[in-house]
Amino acid sequence: MKKNEPPSQLLFCVTCRHSPGKSFSVQSLINNAVSNIICCLVFGERFEYSDKQYQSILQNLNEIVYLQGNVWIQICNAFPWLMKWLPGPHKKIVTLIQKIKDFVKIKITEHRENLDPSSPRDYIDSFLIEMGEKEDPDSGFDLNNLCFCAMDLFGAGTETTTTTLHWGLLYMICYPHIQERVQAEIDTVVGSSRQPSITDRENMPYTDAVIHEIQRMGNIAPLGLSRMTNKDTVLDKYTIPKGTMIMPTLNSVLHDESMWETPHSFNPQHFLDTDGTFRNREAFLPFSAGKRVCLGEQLARMELFLFFTSLLQRFSFSPPPGEQPSLEFRLGATRSPKSSHLCAVPR
Ligand code: HEM
């Protein structure tokens with residue numbers, strides 16, 4: 001690093017350890033930062049980016065999400081009794097899940113050893129206090145369920161927001177004029193001397209619209225989460241028998257040709273009125289809908305706004321020199337960007 005570089009340049013190098021202007025892989029950096037938020041809420045602690053055990057847990061999670069899109073896993077879901085006997089990636093997924101489970105179990109044991117019922121530190125403490133001395137599997141308050149709930153929150157709270165932010169930076173690279181307009185709004189409303197806060201959102205309709213459009217086009221959970229009917233159900237003219245697996249295709253609303261002016265192209269105007277105020281859209285359902293709508297929606301929306309504005313306040317993003325930006329995706333449990341290399345130049 002040169003001696004007389006401005007502080008923002010210094011901050012950049014120290015934070016992500018890459019030379020300014022040189023391309024780097026953004027996925028793991030975002031993943032670490034995002035994951036630490038849900039870790040604070042669930043485990044009551046954040047982890048250093050240099051923590052090898054934690055890095056390996058994040059890598060395992062990443063691989064699980066990717067493997068879930070594998071055809072063998074689909075076959076396994078359809079014929080679990082058969083696949084039990086065959087080798088393949090479905091075996092690997094079980095091993096990876098077990099590793100995360102072991103990690104979470106250690107955290108639960110540590111929490112039980114230092115529990116102060118008058119002062120819960122996080123989700124695990126709150127669950128343990130509610131559970132009391134005795135486990136009650138019928139009510140859901142038992143240690144096994146705590147382990148799975150903590151794993152669900154950790155997994156759902158890490159992968160989804162990371163992938164959305166990753167798409168966000170790629171869209172900004174592909175549409176530099178939109179990136180500049182977001183930065184202009186940040187400069188006007190927030191400036192450069194303080195960090196963005198969530199109360200800024202209502203004064204930043206353009207940025208809000210861009211984030212909504214990133215979620216619409218990113219379409220990170222095209223099949224939502226698999227569900228199963230627990231009783232015979234009549235929906236419109238269809239009868240769905242008890243025990244049927246349901247996979248909502250969120251893609252059908254996010255790209256509905258009757259609902260969006262330009263359903264297949266990136267267009268923040270979808271979320272803006274003619275006078276530039278923000279407008280919500282009925283078909284905007286990236287978090288799904290109904291009773292089982294994403295439990296983390298509010299947290300995720302807050303994270304997306306704060307990360308996205310903080311990053312664009314400090315950096316301008318561009319493709320690696322000589323490369324065309326790409327919006328190619330790979331499909332696992334989520335739909336995530338294939339390419340993760342980009343350049344970040346301090347502003
Ligand atoms: C951009 C970020 C996110 C997106 C797009 C997203 C999307 C979704 C979707 C589509 C579902 C399925 C809902 C259904 O079955 O109908 C879901 C469920 C869920 N999400 Fe998210 N999510 C995000 C972030 C988060 C975060 C940060 C958390 C952390 C608390 C979280 C926790 C959950 C949980 C626990 C469920 C299961 C809810 C249930 O079974 O009732 N999500 N999410």
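Tutor: Asn219 lies in the loop between helix H10 (205–218) and strand S2 (227–228). Helices and strands here are DSSP runs, numbered from the N terminus: a helix is H or I over at least four residues, and a strand is E over at least two. Residues are numbered from 1 along each chain as its sequence is written, and side-chain values use heavy atoms, with hydrogens and water left out. The model is predicted, so local features need pLDDT of at least 70 and side-chain atom pairs count only at pLDDT 80 or more, while totals for chains, interfaces and linings use all residues.

Asn219 has a phi near 45°, a positive value in a residue other than glycine. Asn219 counts as buried because its relative accessible area is 4%. Buried means under 20% relative accessible area, exposed means over 50%, and partly exposed is in between (1.4 Å probe, protein chains only).

Ser288 sits in the loop between H11 and H12. At 25% relative accessibility, Ser288 is therefore partly exposed.

For Ser288, an N or O atom of the side chain is 2.7 Å from an oxygen atom of the ligand. The side chain of Arg292 likewise has an N or O atom 2.7 Å from a ligand oxygen, and for Arg227 the distance is 2.8 Å. Such a pair is a polar contact (N or O atoms within 3.5 Å; within protein, one must be able to donate a hydrogen and the other to accept it, and residues adjacent in sequence count only if both atoms are side-chain atoms).

The ligand also holds an iron atom, and its only protein donor is Cys294 (SG), at 2.3 Å. Donors are N, O and S atoms within 2.8 Å of the metal (3.2 Å for Na, K and Ca); water is not among the atoms, so sites may look incomplete. Cys294 is found in the loop between helix H11 (251–254) and helix H12 (297–314).

Arg281 is buried because its relative accessible area is 13%. Setting aside neighbours within four places in sequence, Arg281 is in contact (heavy atoms within 4.5 Å) with Met259, Trp260, Glu261, His270 and Phe271.

His166 lies in helix H8. The relative accessible area of His166 is 3%, so this residue is buried. Not counting residues up to four places away in sequence, His166 touches Val26, Gln27, Ile30, Pro337, Ser339 and Ser340.

Two of those names, Gln27 and Ile30, are among the buried residues of H2. What covers the buried residues of H2 includes strand S1 (24–25), helix H3 (52–67), helix H6 (89–113), helix H7 (123–131), H8 and H12. Helix H2 (residues 27–42) has 16 residues and reaches 22 Å from its first C-alpha to its last, close to the 22 Å expected at 1.5 Å a residue. The expected span is 1.5 Å times one less than the number of residues. Just after H2, Gly44 takes a positive phi of about 75°.

Asn36 is also in helix H2, and at 5% relative accessibility Asn36 is buried. Leaving aside neighbours within four places in sequence, Asn36 is in contact with Glu45, Arg46, Phe47, Tyr49 and Tyr54.

Tyr54 is one of the buried residues of H3. The buried residues of H3 pack against H2, helix H4 (71–78), H6, H8 and strand S7 (329–331).
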